[in-house]
Amino acid sequence: MERQADNSADTAPSSGDISIDTASGLEAIKYDARGLVPCIVQEWITGEVLMLAYMNSESVRRTLATGTTWFYSRSRKEYWNKGATSGNVQKVRELRYDCDGDTLLALVEQTGAACHTGDLSCFDGRWLSSPTGERPPFLASREG
């Protein structure tokens with residue numbers, strides 16, 4: 001199992017090492033009608049996009065408090081801490097919001113696979129197009 005489910009909003013996460021300017025940061029996030037905001041997860045060292053998941057205000061709070069990614073599952077309607085069961089933890093180095101405040105970017109140190117399929121990235125081997133036939137340098141070095 002890839003994730004740890006948690007329906008409890010009362011869980012007190014352990015102290016993490018991420019800080020945020022609460023006045024400008026948290027208030028700048030614009031959640032959709034369901035109270036969710038997309039979060040792109042990017043590898044800290046390589047810059048590779050690993051996955052996209054959704055957060056609500058509680059999962060943002062848990063992520064900031066623990067220093068690991070917490071998401072909200074739209075289908076299961078529960079919180080999950082990425083890698084808590086599999087060991088493929090995402091240590092958050094930075095959590096940013098975009099210019100409109102409607103998308104988050106989590107820069108993480110990924111341990112193991114980010115995708116539930118066992119691939120490093122949820123975007124591995126899933127091409128709609130490759131117009132030049134070339135691969136980005138970070139993929140070329142990984143694919144050999």
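The model is predicted: local features need pLDDT of at least 70, side-chain atom pairs count only at pLDDT 80 or more, and totals for chains, interfaces and linings use all residues. Residues are numbered from 1 along each chain as its sequence is written, and side-chain values use heavy atoms, with hydrogens and water left out.

Start with the fold. The chain has three helices and seven strands. Both are DSSP runs numbered from the N terminus: helices are H or I with at least four residues, strands are E with at least two. Along the sequence, the order is β-α-β-β-α-β-β-β-β-α. Of the 144 residues in the chain, 38% are buried. Buried means under 20% relative accessible area, exposed means over 50%, and partly exposed lies in between, with a 1.4 Å probe and protein chains only.

Now turn to helix α2. Seven of its ten residues are buried, so the helix is mostly covered. The buried residues are Glu-58, Ser-59, Val-60, Arg-62, Thr-63, Leu-64 and Thr-66. Asn-56 caps the N-terminal end of α2. A side-chain oxygen of Asn-56 lies 3.1 Å from the backbone nitrogen of Glu-58. For such polar contacts, the cut-off is a pair of N or O atoms within 3.5 Å; within protein, one must be able to donate a hydrogen and the other to accept it, and residues adjacent in sequence count only if both atoms are side-chain atoms. Just after α2, Gly-67 has a positive phi of about 80 degrees.

Which residue forms a salt bridge with Arg-62, with the closest N and O atoms 3.0 Å apart? The partner is Glu-58. A salt bridge here is a side-chain nitrogen of Lys or Arg within 4 Å of a carboxyl oxygen of Asp or Glu. Arg-62 and Glu-58 are four residues apart in helix α2 (residues 57–66), so about one helical turn separates them. Both Arg-62 and Glu-58 are buried. Arg-61 joins Glu-58 and Arg-62 in a network of salt bridges.

Arg-62 also meets aromatic rings. Its charged end sits over the ring of Trp-70, 4.8 Å from the centre. Arg-62 lies over the face of Tyr-79 as well, at 4.3 Å from the ring centre. The test for a charge over a ring is NZ of Lys or CZ of Arg within 6 Å of the ring centre and within 35 degrees of the ring normal.

The structure holds two of them. Rings of Phe, Tyr and Trp (its six-membered ring) pair if their centres lie within 6.5 Å; planes under 30 degrees apart count as stacked, over 60 as edge-to-face and the rest as tilted. Phe-71 and Trp-80 have ring centres 5.1 Å apart and planes at 45 degrees, so this pair is tilted. Phe-71 and Trp-80 are both buried. Tyr-72 and Tyr-79 form an edge-to-face pair, 5.3 Å centre to centre, with 70 degrees between the planes. Tyr-72 and Tyr-79 are both buried too.

Back to charges. The structure holds six salt bridges. One of them joins Arg-76 and Glu-78, at 3.0 Å from N to O. Arg-76 has 35% relative accessibility, so it is partly exposed. Glu-78 has 14% and therefore counts as buried. Glu-109 forms another salt bridge, with Arg-93, and its closest N and O atoms are 2.4 Å apart. Glu-109 lies in strand β7 (residues 104–110) and Arg-93 in strand β6 (residues 90–97), so the pair ties together parts 16 residues apart in sequence. Glu-109 is partly exposed at 26% relative accessibility. Arg-93 is partly exposed at 36%.

Finish in the loop between β7 and α3. Thr-111 has its place there. Thr-111 is partly exposed, at 43% relative accessibility. Phe-123 lies in the loop between β7 and α3 (137–143). At 46% relative accessibility, Phe-123 counts as partly exposed.
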